[in-house]
Amino acid sequence: MKISKSIENGIVTFIPEGWLDVTSSPELGEMVDAVTEASSIVLDFSHVEYMSSAGLRQVIATHKKAKSLEATFSVINVCPVVMNIFKMTNIDKKLNITGDVTGDRSL
């Protein structure tokens, strides 16, 4: 998995590509852990096709990191397949998550 990172005006955005699973989640975790200050942390899922429970745990860990930095947190551009996982676990009710505005990227 490739993970891009951008920082603009205190907003740290991570853009993973492919599957966020047990293999790729640790890499994202290391990148998130390296953030020392931010006004907002954003996970841009515009290129995420699938997320396992390990990926879900990393999303929650990223939310906790944002809270520890007193930053806002959001997950954006989530495809229907991944949004379904957020909905089944009720995480969509607890975190700021927005769906895919570009259309269905289902497997």
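Me: In the hairpin of β1 and β2, which residue takes a positive phi?
Reply: The structure is a predicted model. Its strands β1 and β2 form a hairpin with two residues between the strands. The positive phi, near 55 degrees, belongs to N9.

Me: In which sense do strand β1 and β2 pair, and over how many bridges?
Reply: Strand β1 covers residues 2–8, and β2 covers residues 11–20. One of the bridges joins I3 to P16 of β2. The pairing is antiparallel, and the number of bridges is seven.

Me: How many residues apart in sequence are the parts that W19 and Y50 tie together?
Reply: W19 and Y50 form a tilted aromatic pair, with 4.5 Å centre to centre and 45 degrees between the planes. W19 belongs to strand β2 and Y50 to strand β4 (residues 47–51), so the pair links parts whose separation in sequence is 31 residues.

Me: Is Y50 buried, partly exposed or exposed?
Reply: A residue counts as buried under 20% relative accessible area and as exposed over 50%. The relative accessibility of Y50 is 27%, so Y50 is placed in the class between these limits: partly exposed.

Me: Is α1 roughly parallel or roughly antiparallel to α2?
Reply: The axes of helix α1 (residues 25–33) and helix α2 (residues 53–68) come within 9 Å and cross at roughly 5 degrees. Angles under 35 degrees count as roughly parallel. Therefore α1 is, relative to α2, roughly parallel.

Me: How many residues of the contact of α1 with α2 are charged?
Reply: Helix α1 contributes S25, L28, G29, V32 and D33, while α2 contributes A54, G55, Q58, T62 and K65. Among the residues of this contact, three are nonpolar and five are polar, and the number of charged residues is two.

Conventions:
Residues are numbered from 1 along each chain as its sequence is written. This is a predicted model: local features need pLDDT of at least 70, side-chain atom pairs count only at pLDDT 80 or more; totals for chains, interfaces and linings use all residues. Side-chain values use heavy atoms; hydrogens and water are left out. Rings of Phe, Tyr and Trp (its six-membered ring) pair if their centres lie within 6.5 Å; planes under 30 degrees apart count as stacked, over 60 as edge-to-face and the rest as tilted. Helices (H or I, at least four residues) and strands (E, at least two) are DSSP runs, numbered from the N terminus. Buried means under 20% relative accessible area, exposed over 50%, partly exposed in between (1.4 Å probe, protein chains only). Two strands pair if DSSP finds at least two bridges between them. Axes are lines fitted to C-alpha atoms, for helices over the stretch in contact, and angles run from 0 to 180 degrees between N-to-C directions. Angles under 35 degrees count as roughly parallel, over 145 as roughly antiparallel, 65 to 115 as roughly perpendicular and the rest as oblique. Contact means heavy atoms within 4.5 Å. Ala, Val, Leu, Ile, Met, Phe, Trp, Tyr, Cys and Pro count as nonpolar, Asp, Glu, Lys and Arg as charged, and the others, Gly among them, as polar.
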